[in-house]
Amino acid sequence: MNMSNHQNIEDSPTKPPKSCEENLQDELTSEQSEVSAVEEQNVSSTANEILAQEITPQEDCKFTQSGTTLLQQPIDTELVEEKQVVLKESEKSLLEQQGCVEATKDFTTQETKLNAIERINKIFQEHEYLKKKVIELERECDELKTQKGELLVTISEFARNKSTTYVSGDRPQNHILVHEFIQLKDQNFQSVSTLIFHHNSEINHSFKANRRQEIAKIKSTLSEEILVKQMKTVLEDSTAVVSEIINSIYLALGINNYPHEQSPKNLHREIENLIHKGLNLIFRISSADPPGDLWMEQKGIQFDPQKHQPFLDCDGAGQISFTVYPGYRVNNRIFEKALVFTTNENI
């Protein structure tokens, strides 16, 4: 066995001894290795300590570039809280502004609707007010026409001798009386007919649907009861009492017989005045030289432009439905044509 070892020793190469420089280099390397091991151990220990610590929001942890030093800087918590409060207030203010904008839009829309409704109501009220005013003005106009007619008749009465006895040459002239006859038709008969129409239409609203024809029928009844019938009694020398004529008119027109003080718009008084004027006129017409005559055409007679005048908007070539206002004639001469309401037979 010794031989074997001896042989191995002989076979292995002989290492040359190290120089001083090599020995110093080995020692330096060894020391550096030890230093590195120590540094690594310190870094590992420091890292473990950092991980073990509880990091809170009050600390701001930063490492240096080498990673070997830990710096901690505390945060200003009061400043952070103030900024958070300011932020919350800003958010709250923004939400309030948005809510105000939406509320303003809703309020503006609602206010616009209410204003529109209010304007419509005002327009409707003004319309109703104007309708009433028109009716009142129509009645006032009719009353003024009646008063005007009364004044004209009064003037004519003062200008003439009203004695009931005439001598030759002093009798009323037909060409003068016909003007009074036309005036009585256009003013007095028209105003009283309109007044009666308003009274009847308040009781029966269906009259308003055909105002023109209803007023024409009223004027026809007044003409017949006051002028034509009383013209016959004058010629027969048996003048009727005014109250009897009024009752006859009320019966023919279906008017309730109100007492004088209760009659609407003094209806009774207006009819009574019209009767007096009509009787006065027909008395003078019958006393004229030569005496005049009033006539009303029968229903169904063909319209004759030589004797008849068509009522407003009536056909001048149809048949006579009724006479609105009588005609004035002396013998065979026509001083005023009869005002007639016609219907077209072709319809």
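View 1. Y328 has E336 in β7 as its bridge partner. Strand β6 (residues 327–330) and strand β7 (residues 333–336) run antiparallel and are joined by three bridges, and two strands are said to pair if DSSP finds at least two bridges between them. Helices (H or I, at least four residues) and strands (E, at least two) are DSSP runs, numbered from the N terminus. Two residues lie between β6 and β7 in this hairpin, and N331 in the turn has a positive phi of about 55 degrees. This is a predicted model, in which local features need pLDDT of at least 70 and side-chain atom pairs count only at pLDDT 80 or more, while totals for chains, interfaces and linings use all residues. Residues are numbered from 1 along each chain as its sequence is written, and side-chain values use heavy atoms, with hydrogens and water left out.

View 2. Three strands in the order β3-β6-β7 make up an open sheet with antiparallel pairing. Its edge strands, β3 (293–295) and β7, each pair on one side only, and the twist from one strand to the next averages 40 degrees. Helix α4 packs on this sheet, where it touches β3, β6 and β7, and its direction makes about 45 degrees with that of β7. Contact means heavy atoms within 4.5 Å; axes are lines fitted to C-alpha atoms, for helices over the stretch in contact, and angles run from 0 to 180 degrees between N-to-C directions. Between β3 and β6, which run antiparallel, there are three bridges, and W295 stands opposite G327 in β6.

View 3. β5 pairs with strand β8 (residues 338–343) in the antiparallel sense over five bridges, and Y325 stands opposite L339 in β8.

**View 4. Confidence along the chain.** The pLDDT, which is the predictor's confidence in each residue from 0 to 100, averages 75 over the chain, and 65% of the residues score at least 70. Over residues 54–72 the pLDDT is below 50, and this stretch has 27 contacts in the model beyond near neighbours in sequence. Residues 158–169 also stay under 50, with eleven contacts beyond four places in sequence.
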